[in-house]
There are 2 protein chains.
Amino acid sequence: MKTASSKPRLGSRGQPEESRAAILKAAVREFAEHGIAGARTDAIAQAAHVNKALLYYYFKDKETLYGAVLDYVFSNLKLVVLQALQSESAPRDKVLAYVGAYFDFIAGNPLYPKLVQREMMRAGRGGSPHLKHIVEEYFRPIYSEVSQILHQGIAAGEFRPVDPLHFVPSIVALVVFYFSTAPVMQIMAQFDPMAPERVAERRAAVLDFISAALFRHSGQRQKENASEGP
Amino acid sequence: MKTASSKPRLGSRGQPEESRAAILKAAVREFAEHGIAGARTDAIAQAAHVNKALLYYYFKDKETLYGAVLDYVFSNLKLVVLQALQSESAPRDKVLAYVGAYFDFIAGNPLYPKLVQREMMRAGRGGSPHLKHIVEEYFRPIYSEVSQILHQGIAAGEFRPVDPLHFVPSIVALVVFYFSTAPVMQIMAQFDPMAPERVAERRAAVLDFISAALFRHSGQRQKENASEGP
DNA sequence: GTTGGTTAATTAACTAGTTAGTTAGATTAT
DNA sequence: ATAATCTAACTAACTAGTTAATTAACCAAC
């Protein structure tokens, strides 16, 4: 988006892209840990080993920087997740691949789920200026794909007749929740919820949970309905 | 805690408990919508129709007020949820009662899930001073109860052999996520996710999801394992 | 039954410390 | 030179928390 012509065209002190990247990376952490309101621009600058004014050289203001962070995170997510859905396998395996890829992406970037959660919560009157863009650009395409696979699986009799509009968010909930609430887990159980064994355990639990809730099992006869009044 | 002797003992302008309650109520909304960092004490005072100094008359500081809000919300949750577990019915019905009560509590207080989520995310180094108290006082008792019921159901062959340490948080995730991410739903689908019909729909979907994932079905033969490496 | 003191409840106005954002200039590759 | 990259120092606005004064209920004494 910037260097469209011949060379990288470095400036004075030398690291234009590096500086920008460092700021973004530092901003990811700061925003994830403290939210937009709690994040401190000074802290971001310091973590990026950069003068604060440089933030405003590369980004209009705090809100814009926050938007860039969101775009960075969600575009990565979209990439990873849609790639996992590329294969030509059965709906059953596609769903498992999707969930696995989603989980691994989040597990590999423990800061992201908080960012996601935080952003999702900003809207209750006078909310986020980014949410609409994020939903249209990232969430909807993913949702469409997964939704389609669910319909295929249901039509093929492989899946129980679930409503994608509820089932897809439920998947996200199961994947994300563990990580965004890791601090609680840390206190509840007496172990580090981010330790590899524990994460693997959670992964298995999530896949098991979703499999059991979605896949039709061998010699099974169950009711067809998936909705009832309260 | 205050009037232990004879009379209510009102003060000057007259409404000590009312003022305190008004502040708490306003604080719930403000903290839920903006988080601790984003919440403005002036806004709370204004919403409570009270001078800002009164916040500091009743509560030591912002953090303490936030703690009071959390205690208020979580003690209510504990009450409702534990009451739902009181009955002498089968594990299956107890779980459904628990999930239903949890869901209804959240649905009836749409501000709570954000508060919960927000608090759960505060800890990543230098985190919340309240989290430990909340976990010990509210989460652990609830967890113990539900965990016990799960074990009973598993022993009775009613439930699949799930690990409560993962299954219980998964339940919470399913219940809470829809509400804390309602803004996303609002944009994704083209309807108001908080409309009664939609909430009822979600309720059914959650109960269906959990039932399918937990209960053993009629003539069914499935694998016994509930864990595998990634 | 009025007076005056005591105390809880409440407020207007203020203060000290932060913090997002700016400015004017420095540095250096080309 | 010149334009991109970068910085030290500054500012304007905001915000948590304080202070000192005010109001009115209650109670005891006269």
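Buried area is the accessible area, found with a 1.4 Å probe, that two parts lose on being put together, summed over both.

Hi everyone! What you see here is a predicted model, where local features need pLDDT of at least 70, side-chain atom pairs count only at pLDDT 80 or more, and totals for chains, interfaces and linings use all residues. Residues are numbered from 1 along each chain as its sequence is written, chains are lettered from A and ligands numbered from 1 in the order in which they are written, and side-chain values use heavy atoms, leaving out hydrogens and water.

Let's start with chain A. An automatic or database assignment sets the domain bounds, giving domain 1 (10-60) and domain 2 (71-216) in chain A. Taken over C-alpha atoms, the centres of these two domains of chain A are 29 Å apart. How much area is buried between them? About 690 Å², with carbon and sulfur atoms giving 78%. On the domain 1 side, Val28(A), Ala32(A) and Ile36(A) lose the most area to domain 2, together 62% of what that side buries. Counting contacts (heavy atoms within 4.5 Å), eight residues of domain 1 of chain A touch seven of domain 2. Salt bridges need a side-chain nitrogen of Lys or Arg within 4 Å of a carboxyl oxygen of Asp or Glu; between domain 1 and domain 2 of chain A the count is zero.
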